[in-house]
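Thanks for coming, everyone. Please have the sequence and the model open while I talk.

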Amino acid sequence: MSSKIDRAFYDIGHLDTLAEGSSALHRLDPRAKVLATAVFVVSVVSFGKYEIARLLPFFLYPVLVIALADLPVFFLLRKLLIVSPFVLFVGIFNPWFDRAVLVELGPVALSGGWVSFLSLLLRFALTVGAALLLIATTGFTAVCMALEKLGAPRIFAVQLLLLYRYLFILIEESIRMIRAHALRSFGTGLRYRVFLQILGNLLLRTMDRAQRIHMAMLCRAFTGEIRIMRQFRFGRREFFYLTGCCAFFIGLRLTDLPSLVGRFLLEMGP
Amino acid sequence: MSHHIVEVRDLEFSYPDATQALGGVSFTVRHGEAVAIVGANGAGKSTLLLHLNGYLVPTAGQVRIGDYQLTRETVREVRRTVGMVFQDPDDQLFLSTVFDDVAFGPLNLGLAPEDVARRVEQALDKVGVGHLRDRPPHRLSTGQKRRVAIASVLSMSPDILVMDEPTAGLDPRARTQLITLLQGFEHSKIIATHDLDMVVDLCERTIVMHDGRVQADGATMEIFANAELLAGCGLEKPLRMQGCPACR
Amino acid sequence: MHMADALLSPTVGATMWTATAATTMACAAMVKKSLDDRKVPLMGVLAAFVFAVQMINFTIPGTGSSGHLGGGLLLAILLGPPAAFLAIGSVLTVQALFFADGGLLALGCNIFNLGVFPCFIAYPLLYIPLAGKNPTPGRLLAAILLAAVAGLQLGSLGVVLQTSLSGVSELPFSSFIVLMQPIHLAIGVVEGLVTAGVVSFIWKARPEILEKAASGQGLGSLPVKPVLAGLLAATLVTGGFLSWYASEHPDGLEWSMFKVSGQEELEGQGGSLHDSLGTLQEKTSLLPDYGFRAGESGAGEEAADPRLGTSVAGLVGGGLVLLMGLGLGFLLKRRNSGAAPATRR
């Protein structure tokens, strides 16, 4: 139980550390990356439910991003695996309900359910991977600033930044309280009443902290709106990156590249 | 220069539940002076400090900062002059990078971006954390956080620095670095602290508080030589004045 | 439970995103107008609190399972609906970006399900009237419990609707509902109990916090109009989509007759290898060694369903492209780690 919170602490910190790399991809304006990710996700999600082959070339995007930005593959894969249970849980019903055979590959007959299940998994890997890669190459703060420049309300962008800032502190405080409890509880787990006490105390401390932060803000002439100075430059590189990615994703979506390649290959025989 | 003078006269303050925290405090701090405010926990040090930039409003008495008497109208101007650094740097560094936090004040004052950038660089250089410009606060050590917190206040070019327990939680080297740093500041300094050894190094004048009142106000070395006075206020002599443990 | 990208169709996703975006802008405007600059740090820090606390599980006695706090209703009580909505939205956004909880397209659904229902329906319509000004502990518990359960039931109904309307999962609406609602009833009860526990803790320790919070939000300040507008928009678009879908596919959202017809077709060909290969040929008109070409075999062309995107050629081609991509990526990575590792700025 406490390992969940420990792992959260490590993971968020690590992902953001990855964002400090200096590859060309890292240095792109965050707006380009946010938009490219959005087009990617929409393209992937827009396929029909039985689509498998046409999803495969989309993997080129995460593969190239990981390679160009030099990101740790296993770390990212592990994160994917950790969240897969929910999708697996819902997706596993597909083969159950959709039993009619759809495809026969030699002796193997796949029902529509299995095909759509597999498609589901591929979609999941692609979309979730895209989100992780966005953070790993851009950093949370830059993404928030990009969102604001792209039209999100400023209060919401600031809210995200404050949340992110105090996340670590709150998690640390929670870990400390849980650890203190664990050391005195001989393995009985966190009981409801104790849980309430911990929560209540943490909440009171949090509200006190909010007051002190407010005080600190006032001392620096805060007037109600948080101002942050960021220079972003959307130049030629970003333009090419964005148009290239969009052309690739939309092109893959509208054509059937895998069939073309496959047919070409198979027809090449004697 | 009158705008560096801090004048507190007959200051009284009671909490909403009627406990009296300050019962008639008066003192004056002149330009460039470094004054320490010492006392046991609960003596009213932090409460007093919070009056100096208008966060708390006295129930009686008045505060004068430079040419301004502290009222609701003058509060903004006063906060430009009085830079306050709190005990917990995590409460003061609430944005995502060091740069953002140090730029917060100047941006709020409405300065142009180039001016803001210049002030931030100067403030960061002054406290020696220029290389941490883009670092997120949760990845700073306590000593670094303290210095950035000071920079975040310096960037507003205050004339008076008010600090609450600046050396708390610092390892010996960070503490020494901080003291050296503060020694180099020309601002008027008002520092509430338990670290009496730092007071010896930094502040030529000390105000001793007890139960919300001023018990003594004078030269630091004289006050610290007065064991009776210190004991009566729940304090002891600074460690370095307590005699060598090996020789005893 | 959260929606996931993989279960979402672009139309439903886009609709929900529109509704969520509209609500977010409305709430941002409202918080700004309220002129309470204390809200800014409070929202941020309370969101961090909820985020951290969501990871703490406690054991539910007698069941051996564990529960935890969702936090929507608690935030609504402490911050008022618009600020609470923004706070919850921020928590879900961070979870989507860092923990891949759901996904980016589904984020619109999640913020709506877990934000709008507790903040704009459960809190104002249930908690406020039931709790009143100075509730007794019993009344407080009842109000919070009902509000929490209602909020979560609506939220899970939202997930079911969005999943079913997307049509990606095979789970029929009725089965999904039967699965989700009871589970979320239990979750709602847990949420209500924990929220009530925390609120009464605060009431005993520092009642002024709750008094201040309550005075800040009267029913008059609630953003009923924008929320209703958003909901209406969502309904219209989804309704339009539904009717289009229904007209194109008379068998509706239920799982499909086409499958049944497909089965009939294939069954007629028997199970021998020859026939399976024949099927293969029909679909791809390839594999020259077996001498089957397009049009030669009886059953002829590709499978009738236009939705079926998977053919042998497709799999081969797709697999090849993927392999090439992986190879390229591997080479690039090799080159990168051969050079100096990415340095920190």
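Of the 345 residues in chain C, 53% are buried. Buried means under 20% relative accessible area, exposed means over 50%, and partly exposed lies in between, with a 1.4 Å probe and protein chains only.

Some ground rules. This is a predicted model, in which local features need pLDDT of at least 70, side-chain atom pairs count only at pLDDT 80 or more, and totals for chains, interfaces and linings use all residues. Residues are numbered from 1 along each chain as its sequence is written, chains are lettered from A and ligands numbered from 1 in the order in which they are written, and side-chain values use heavy atoms, with hydrogens and water left out.

Stay with chain C. It has twelve helices and two strands. Helices (H or I, at least four residues) and strands (E, at least two) are DSSP runs, numbered from the N terminus. Along the sequence the pattern reads α-α-β-β-α-α-α-α-α-α-α-α-α-α. Now contacts, meaning heavy atoms within 4.5 Å. Take those in chain C with a separation of 6 or more: 71% of them join residues 24 or more positions apart.

Helix 2 of chain C covers residues 39-53. How many of its residues are buried? The count is 15 of 15, so this helix is mostly covered. Its length also checks out. Expected span is 1.5 Å times one less than the number of residues.

Next, a helix pair. Two packed helices are described by the angle between their axes and the distance between the axes. In chain C, helix 3 (residues 72-79) and helix 7 (residues 173-205) have axes that come within 9 Å and cross at roughly 30°. Axes are lines fitted to C-alpha atoms, for helices over the stretch in contact, and angles run from 0 to 180 degrees between N-to-C directions. Helix 3 of chain C contributes C:Gly72, C:Leu73, C:Leu74 and C:Ile77, while helix 7 of chain C contributes C:Glu191, C:Thr195, C:Val198 and C:Val199. By class, that contact has five nonpolar, two polar and one charged residues. Nonpolar here is Ala, Val, Leu, Ile, Met, Phe, Trp, Tyr, Cys and Pro; charged is Asp, Glu, Lys and Arg; the others, Gly among them, are polar.

On to chain B. An open sheet of four strands runs in the order 2-1-4-5, with antiparallel pairing. Its edge strands are strand 2 (20-29) and strand 5 (68-69), each pairing on one side only. Two strands pair if DSSP finds at least two bridges between them. Strand 1 (residues 6-14) and strand 2 of chain B share seven bridges. Within that sheet, B:Phe13 has B:Leu22 of strand 2 as its bridge partner.

Now chain A. Helix 10 of chain A (residues 192-219) has 28 residues that should span 40 Å, and its end C-alpha atoms are 40 Å apart, which agrees. After helix 10 comes A:Ala221, with a positive phi near 65°. Elsewhere, A:Phe75 sits in helix 5 (residues 73-91) of chain A. Is A:Phe75 buried or exposed? Buried, at 9% relative accessibility. Beyond residues up to four places away in sequence, A:Phe75 touches A:Tyr10, A:Asp11, A:His14, A:Leu15 and A:Leu18. A:Phe75 and A:His14 are 61 residues apart along the chain, with C-alpha atoms separated by 9.5 Å.

Last, cysteines. Over all chains there are zero disulfides, a disulfide being a pair of cysteine sulfur atoms within 2.5 Å. For A:Cys245, the nearest cysteine sulfur is that of A:Cys246, 6.8 Å away. For C:Cys109, the nearest is that of C:Cys119, 17 Å away. C:Cys109 is buried, at 0% relative accessible area.
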